[in-house]
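Dear colleague,

Please find below the structure that I am handing over to you.

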Amino acid sequence: MQIRPADFDDPALGMFLQQHLDEMAPTAPAESRHALPLDGLRAPGVRLRVAYDDSGSIVATGALAALAPDHEELKSMRTDPRRRGQGVAGQVLAHLLADARARDVARVSLETGSMDFFAPARALYRKAGFVPCGPFGSYREDPHSVFLTLLL
């Protein structure tokens, strides 16, 4: 597997990210879904990374978005459903956290869903050392959200 910066001109990336939004649609009301669309991932201060398998197919994405000079948010973590449970997300997460550490980011936080659909993601983040925290950035308390943070 190779992990590299996103090629926003790749139509497969747009489709992969749209599938992410489509998967989120039935999990919570619109105001409680915080996945970024493609344009949001192009914004300054967002570093989207894409994991490819040996055939060149996209198998996962993950991004870091700046909140403050030393605090970033983990965004758009998604693994192709056919590759879930194979360690792909853990590799992408490790890559993103190494990138944050290399840039002297002190803290990485995230918001994920509270529903059963997100239980594997929450387990992955807890295994990586993330701990519960309150809302950060522009988030507000929401029964559909779980907030986690990691001091690097």
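**Findings**

T112 counts as buried, because its relative accessibility is 6% and the limit for a buried residue is under 20%. Please note that the model is a predicted one. T112 has its place in strand 5, which covers residues 107-113. Leaving aside residues up to four places away in sequence, T112 touches F118, A121, R122, Y125, H144, S145 and V146.

Seven strands form an open sheet in the order 1-2-3-4-5-7-6, and their pairing is mixed. Strand 1 (2-5) and strand 6 (131-132) stand at the edges with a single partner strand each, so one side of each has no neighbour in the sheet. Strand 4 and strand 5 run parallel and are joined by four bridges. H71 has R107, in strand 5, as its bridge partner.

**The nonpolar cores**

The largest nonpolar core consists of 20 residues, and L74, M77, L93, V108, Y125 and F130 are those with the most contacts inside it. At least two residues of this core come from each of strand 3 (58-68), strand 4 (71-79), helix 3 (88-102), strand 5 and strand 7 (145-151). Helix 3 supplies the largest share, six residues. Apart from this core lies another, of 12 residues, which includes A6, V46, L48 and A63.

Not counting residues up to four places away in sequence, M77 touches H20, T61, G62, A89, V92, L93, L96, L124 and Y125.

**Salt bridges**

Side chains of opposite charge can pair when their charged atoms come close. In this model the count comes to six salt bridges.

One of them joins R83 and D53, with the closest N and O atoms 4.0 Å apart. R83 lies in the loop between strand 4 and helix 3, and D53 in the loop between strand 2 (46-52) and strand 3, so the pair ties together parts that are 30 residues apart in sequence. R83 is partly exposed, at a relative accessible area of 25%, and D53 is likewise classed as partly exposed, at 23% relative accessibility.

A salt bridge also forms between the side chains of E73 and K75, at 3.6 Å from N to O. Are these two residues buried or exposed? E73 is buried, with a relative accessible area of 7%, and K75 counts as buried at 8% relative accessibility.

In the salt bridge of R103 with D99, the closest N and O atoms are 3.0 Å apart. Here R103 is partly exposed, at 29% relative accessibility, whereas D99 counts as buried, at 17%. Both residues belong to a network of salt bridges that links R47, E72, D99 and R103.

**Aromatic rings and charges over them**

A pair of aromatic rings is described by the distance of the centres and the angle of the planes. The count of aromatic pairs comes to five.

In the pair of F117 and F118, the ring centres are 5.0 Å apart and the planes stand at 85 degrees, so the pair is edge-to-face. F117 is partly exposed, with a relative accessible area of 42%, whereas F118 counts as buried, at 10% relative accessibility. F118 is also among the residues that T112 touches.

The rings of Y125 and F130 likewise form an edge-to-face pair, because their planes are at 65 degrees, where over 60 is required, and their centres are 5.8 Å apart. Y125 is buried, with a relative accessible area of 6%, and F130 counts as buried at 3% relative accessibility. Elsewhere, ring pairs join F136, Y139 and F147 into a cluster.

Two arginine side chains are placed over aromatic rings. The charged end of R4 sits over the ring of Y52, at 3.9 Å from its centre. The charged end of R78 sits over the ring of F16, at 4.3 Å from its centre.

With kind regards

Notes:
Residues numbered from 1 in each chain as written. Predicted model: local features only at pLDDT ≥ 70, side-chain atom pairs only at ≥ 80, totals over all residues. Heavy atoms only, no water. Buried < 20%, exposed > 50% of the residue type's maximum accessible area, 1.4 Å probe, protein only. Contact = heavy atoms within 4.5 Å. Core = buried A, V, L, I, M, F, W, Y, C linked by side-chain atoms within 4.5 Å. Phe/Tyr/Trp six-rings, centres within 6.5 Å; stacked < 30°, edge-to-face > 60°. Lys NZ or Arg CZ within 6 Å of the ring centre and 35° of its normal. Pairing = 2+ DSSP bridges.
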